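Hi everyone, thanks for coming.

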Amino acid sequence: MRRAVIAFTAFLGGLIFLLAVPAQAAAPDQGLRGSLKLQGQPVNGVKIVVTTESGQPVKEVTSNAQGTWEVPITDTGKYKVTLDVKTLPPNAEIRGGNAVRTPTVFSGNMSTVLFALQPKGGGGAAADTGTSSFWTQAAQLTFEGINLGLIIALAALGLSLIYGTTGLTNFAHGELVTLGALLAYLFNVTFGLHLIPAAIIAVIVGGMLGYLQDRLFWGQLRRRGTGTIAMMIISIGVALFLRYVFLIFFGGQTESFSQYTAQPGVQIGPISAAPKNFVAMGIELAVLIIVGIALLRTRTGKAARAVADNPALAASSGINVDRVIRIIWTTGGAIAALAGVMLGLSQNLKYTMGQDILLLIFAGVTLGGLGTAFGALVGSLVVGLFIQVSTLWVPPELKSLGALAVLIIVLLVRPQGILGRRERIG
Amino acid sequence: MDWITIISTTVKAAIGVETVLYALAAIGINIHFGYTGLLNFGQAAFMGVAGYGLAVTVAVMGLPFWLGIIVGLAAAVVLAIVLGIPTLRLRADYLAIVTIAAAEIVRLIFRSVAFKDIFGGSDGQRGFSDGFYALNPFPEGTYGIGWFSFNHRLLWVLLVGWILVGISCGIVYLLMKSPWGRVLKAIREDEDAVRSLGKNVFSYKMQSLILGGVIGCLGGFVYGLAFASVQPDIFGTETTFFAYTIVILGGAARVFGPVVGSMIFWVLLVLVNGLLSGAVESGIITFMSPVQVGPVRFILVGLGLILLLVYRPQGIFGDKREIAIDAR
């Protein structure tokens, strides 16, 4: 699985700023790493030579039994990584044939160096790599885009529902996503539960915390008559607060769950992915459809839409607005937690993981139309696809840039989003 | 605990470089948010384009210092126009999302490897401040009494910085007293009413965005010159949020609100940091490690922002009736 979609390191910036010593950025945990896999199986004993750009040797390593290798590097900059082709198993070769990579090491960051291995094919396979590899890649990226889009959709659905019923643009929603992932990590790694029960507990606790948040905090603010803009700025405070509480308890490192992390991939047509991704996508899609249908068909769902349309009118027609909002917050918290677990499963856990996708969540919600459930799904899928597929043409580090640009363009052309209604715009 | 260090860093923080540059950013935000009611969450991008405009002009293209300043200012104006044309017609919360997205786009471009030759990737740019220090009238040495002293370089930066803060405050004071400023405040109160009086609201909002962006971008210059470098991650969203906290702390729609807010903000942050690190090092606090002190300050900022908006949205000097925090 590809590593993190976005590498926002705003925190690093803030810290450097506070230290007021800009040159102190060099954190010890920077360097290069990679993992070598042939059809999902780790390849060990492959020699990797790292030199500086000018050819000064830095270090030589060989991949271990998990197929991974790692070279810590003190000075940031461009490096040359050469894979010794002679040490590859006889049945393997590097896709594309180029055994040299020139990655850049950023401060405080482990850069991943990709050497995609493929079985040594006969003459026929080599002949059509030129044309088919583009479409294979496109199919693979489409799959990954849908995968990412569904995760964004889960988070976006909660954000959109909460916005629809309370008018709150919740900048702390990314932290609810992180919270879900970290809760699952707590039960999974610290308490030693299997990931599946741990994830279920995390979702339940996430829902409870969503309920309590509304009960003890946002609900009280509404009762005080706090304006929506004030609440939006308060949510920024909440986001800062939670994010750094996570940092204190979780630490700044990247972690993964104890199960399903290095799952061998399976090949389905042109797409290669770990089975966990298919299961995760199934769960995500099921949850999204269930919540969507519940909104359309159940009494509570209808009440929620009535509150979204006009809270005063809903209240006067006998709907308990506070109860509806509380249910929405509980659901929103629970599915945000689920999104966090899924994100942690498909990428890694970090205290900024939710913040990193927050703008993508906003992009998905805005694209689909703020306050509509299926709009969030459609918009998020478009955002996810756009991000991943655009890497066919743009460098991966700039892939979320396109999504943010789309967000701005949509607001220009069709501010109500794809499925939104005209009245919701300003 | 090393009380002298704690006290001296705290006192110096009241007039330090961070205070200056955040005061400038906050004065800009005060024009946007405090006076016009525009929720611009992309202030960091204004600082970024100014800092990088200067850095790239001088360090990469080898042009003189004053040209770099002009390029930086022009970049801020261009950013305001590019950002403003699509967004100023949007409602407040959309404006917030779009400006924050635009600021992230700017930051991602600055730190991208694709443009490393121009912007220097995540390492940023350095070596562009010589022209500024060549103008330094103070001879080499240390100025001050006891621990309250600065070297000639820092003194020069602080002098220029505080002059800029003073000029900015003067401009804001005069403008907001003028008919122009009254139109801005009227837009904050009721946009449609202003429109019905025949004013071009969009044009006024754009002028406000440009003015606030240009004043905010001075903060980017101060950062770049004081630390003789710029890095992309300095200009992240949290910088903008800090500046918002400062505006709300000091009191929005008040001329000196952002300046006093910035002083209090940094004094508190530095003091808390000094006390906590001191307490951790001398073993008074045992449940925290020195690494955890940094995050505590951010937690306090978050908490402070929440408490301020809940209990005193007008901040220290503000007037509750003048805060644009109700939905429109």
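**A walk through the model**

Let's start with one residue: Ile290(A) sits in helix H6 of chain A, residues 275-297. Helices here are DSSP runs of H or I with at least four residues, strands are runs of E with at least two, and both are numbered from the N terminus.

Before I go on, a word on what you're seeing: this is a predicted model, where local features need pLDDT of at least 70 and side-chain atom pairs count only at pLDDT 80 or more, while totals for chains, interfaces and linings use all residues. Residues are numbered from 1 along each chain as its sequence is written, and chains are lettered from A and ligands numbered from 1 in the order in which they are written.

Okay, so is Ile290(A) buried or exposed? It's exposed, because it has 11 other C-beta atoms within 10 Å. The rule is that a residue with 20 or more other C-beta atoms within 10 Å of its own is buried, one with 12 or fewer is exposed, and anything in between is partly exposed, with C-beta atoms placed from the backbone. Ile290(A) and Phe115(A) are 175 residues apart along the chain, and their C-alpha atoms are separated by 41 Å.

Now hop over to chain B and look at Val172(B), which is in helix H8, residues 152-177. Val172(B) is buried, because 24 other C-beta atoms lie within 10 Å. If we skip neighbours within four places in sequence, Val172(B) is in contact with Ile27(B), Ile31(B) and Val255(B). By contact I mean that the two C-beta atoms, placed from the backbone, lie within 7 Å.

Next, the cores. A nonpolar core is a set of buried Ala, Val, Leu, Ile, Met, Phe, Trp, Tyr and Cys residues joined through C-beta atoms within 7 Å. The largest one has 203 residues, and those with the most contacts inside it include Leu154(A), Leu407(A), Leu24(B) and Val222(B). Val222(B) touches Leu24(B), and its other partners include Val17(B), Val157(B) and Gly161(B), again not counting residues up to four places away.

What about the overall make-up of chain A? Chain A has 12 helices and 14 strands, and 47% of its 426 residues count as buried.

Three of those strands make an open sheet in the order S6-S1-S11, with mixed pairing. Strands pair if DSSP finds at least two bridges between them. The edge strands, each pairing on one side only, are S6 (68-72) and S11 (110-112) of chain A. S1 of chain A, residues 31-35, runs antiparallel to S6(A), and five bridges join them. Gly34(A) stands opposite Trp69(A) in S6(A).

So where do the chains meet? The contact takes 50 residues from chain A and 51 residues from chain B. On the chain A side, H1 (10-19), H5 (228-250), H10 (353-368) and H12 (399-413) each supply at least two residues. H5(A) gives the most, with 15 residues.

Last, confidence. The model scores ipTM 0.89 and pTM 0.80. Chain B has a mean pLDDT of 89, with 98% of its residues at 70 or more; pLDDT is the predictor's confidence in each residue, from 0 to 100.

That's my tour, thanks!
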